[in-house]
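Me: Please give me a close look at a single part of this structure: the inside. Walk me through the packing, then the charged pairs and strands around it.

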Amino acid sequence: MGSLVLNVATIREMATLLGNTLVAYQSTLSDRPVFPDVDVAALDAIASETLPEDGVPIQSLVEEFNRVIVPNSLHIAHPRFLAYVTASPSGVAPFAEAFTAMIDQNCAIWQGGPAANAVERRVLGWLAGLFGLAEDTPGLLVSGGSMANLVALTAARDASIPGHKRENGMQSVSTPMTVYVSEEIHTSVYKAANMLGIGQNFVRTIPVDDLYRMRVDALTQTIAKDRADGLQPGIVVASPGTVQTGAFDPIDAIADVCENEGLWLHADGAYGALGILSDRLRPELTALKRADSLTMDPHKLLFSSNEAGCALVRRPGALHDAFAHASSYIGQETLPGFIDFKDFGPQLTRQFRALKVWWVIRAHGMAVLRKTVDRLLDLAVYLAEAIAARPELELAVKPTLTAVCFRVREWDDAKNAALLSALIKSGVVYFGPAVLRGKFYLRACFTSYRTTANDVDMVMDAIVREYERLNH
Ligand SMILES: *Cc1c(COP(=O)(O)O)cnc(C)c1O
């Protein structure tokens, strides 16, 4: 193609191709193996392709997408994709992504996208409102939970070290600051602690109770011991929905400790915070409004496409204090109510992520989204009951969110890991792994709205079949 412009006929043809490809993909999704039989030669050919001097018709790129890319992709939207915490994107997501790229806003400053600015503020206000937080709680959309935790913990660190000036970094801090997490915390918090110069050796791991929730008595004791040892306790990170089992840390009791001790409470709600959509989970999550900062992932239980995470920081001024920088080469105009989001996080150029979250909420409506989360909770219970009914299988804990961890009772870790591999290889289902109290588990996590009870029956049949095959 001689120019970067597509002609009108090609644009129309491409729009049709997009629609047709999407229909074909979605209608064949459940017939495909969840994880593909990877054509390594075809992928090696892509990975070693020489830099092309001349272009090819864009239609041939779509043909190649269908021929090579799709069959060698993990089908995250498949009804029996049950690994990690990775949701099927809602039906409007692919269109939101396309329309986002069309106007390609730069959401660094409000002038980089005035309408996008209004949409992002609306989405952030709605998300804050779900937890009873003020609609103007400072926050922003980022790539996901890991980045949201980093953003919130940056504000937490800067606000928590006495006399700390961000300009001096950690170089001026004489008393090491400590952070408190449970054994079941997500690794993104350790990553953030390392990036923030806190260091993971100063992240205290608090033991969990029988239901995998942070033990508040142990938290209080560890804080007291660190103070006695001359350290500076700074931040507690609680999990409203741990990544492996979906356990809810006792947020209210942890918030009491933080209040008494003068510590920053961050809640990593990447998985579970949006469980607030279900009336059943609301009681576990009402105390989240007491957290100084809260993260959640619209690309998980709000069914946005990847990537969409959200950080909210309730402590007045803390987010702005951590990230605001004036620069001579960025617009100076202000407009009341409009926000320069570059001052709330590490990115300058920012995609118009809010469009897809806004469209998911408005296209489907909250009633459908709430019902979907309830249905996923039901499916987790349905699978857990089927597992509990089989004496050869062992359930780690009754599900509290949408995750179900189980293992073959009499088998060692290696044999259980072999079962996981065999199930993935069967193409019927894709589970993830989990390690709980040092033991290997298989982990199902219901985040696909396409999954039905019938799929769970198929999954149970596959588990029993592979168990029997391996059990001799
Ligand atoms: C998924 C998850 C994260 C990380 O979020 P990403 O969006 O994958 O970066 C952090 N914490 C918890 C509890 C999670 O489930």
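Reply: Start at Leu219. Not counting residues up to four places away in sequence, Leu219 touches Tyr180, Ile206, Met214, Val236, Ile254 and Val257. Contact here means heavy atoms within 4.5 Å. This is a predicted model: local features need pLDDT of at least 70, side-chain atom pairs count only at pLDDT 80 or more, and totals for chains, interfaces and linings use all residues. Residues are numbered from 1 along each chain as its sequence is written, and side-chain values use heavy atoms, with hydrogens and water left out.

Now the core itself. The largest nonpolar core holds 126 residues. Leu219, Val236, Ile254, Leu265, Met296, Phe431 and Phe446 are the ones that touch the most other members. A nonpolar core is a set of buried Ala, Val, Leu, Ile, Met, Phe, Trp, Tyr and Cys residues joined through side-chain atoms within 4.5 Å. Buried means under 20% relative accessible area, exposed over 50%, and partly exposed in between (1.4 Å probe, protein chains only). Helix α13 (residues 366-388) gives the most to this core, with 9 residues. Helices (H or I, at least four residues) and strands (E, at least two) are DSSP runs, numbered from the N terminus. Domain 2 (105-364) and domain 3 (366-470) both contribute residues, so the core lies between them. Apart from it lies another core, of 9 residues, including Ala247, Ala434, Leu436 and Tyr441.

Domain bounds come from an automatic or database domain assignment. That assignment also gives domain 1 (1-31 + 36-73). The centres of domain 1 and domain 2 are 38 Å apart, taken over C-alpha atoms.

Next, the strands. Strand β11 (residues 439-445) has 6 of its 7 residues buried, so it is largely enclosed by the rest of the structure. Two strands pair if DSSP finds at least two bridges between them. Strand β9 (residues 403-408) runs antiparallel to β11, joined by 4 bridges. In this pairing, Cys405 stands opposite Arg443 in β11. Strand β10 (residues 432-436) is also antiparallel to β11, over 5 bridges. Here Gly432 stands opposite Arg443. β10 and β11 form a hairpin with 2 residues between them. Arg437 sits in the turn and has a positive phi of about 45°.

β11 also takes part in a charged pair. Glu394 forms a salt bridge with Lys439, with the closest N and O atoms 3.9 Å apart. Glu394 lies in strand β8 (residues 393-395) and Lys439 in strand β11, so the pair ties together parts that are 45 residues apart in sequence. Glu394 counts as buried, at 15% relative accessibility. Lys439 is partly exposed, at 35%.

A salt bridge is a side-chain nitrogen of Lys or Arg within 4 Å of a carboxyl oxygen of Asp or Glu. The whole structure has 26 of them. One links Arg204 and Asp226, with the closest N and O atoms 2.9 Å apart. Arg204 is in strand β3 (residues 203-206) and Asp226 in helix α8 (residues 216-228), so the pair ties together parts that are 22 residues apart in sequence. Asp226 counts as buried, at 4% relative accessibility.

Asp256 and Arg290 form another salt bridge, at 2.9 Å from N to O. Asp256 lies in helix α9 (residues 251-261) and Arg290 in the loop between α10 (282-285) and β6 (293-296), so parts 34 residues apart in sequence are tied together. Both ends are partly exposed: Asp256 has a relative accessible area of 36%, and Arg290 has 24%. Asp252, Asp256, Glu259 and Arg290 are linked in a network of salt bridges.

Last, two loop residues. His299 is in the loop between β6 and β7 (309-313). His299 counts as buried, at 11% relative accessibility. Its side chain makes a polar contact with the side chain of Asn306, at 3.5 Å. A polar contact is a pair of N or O atoms within 3.5 Å; within protein, one must be able to donate a hydrogen and the other to accept it, and residues adjacent in sequence count only if both atoms are side-chain atoms.

Val428 lies in the loop between α14 (413-426) and β10. Val428 is buried too, at 15% relative accessibility. Leaving aside neighbours within four places in sequence, Val428 is in contact with Val34, Arg80, Leu423, Met458, Ala462 and Arg465.
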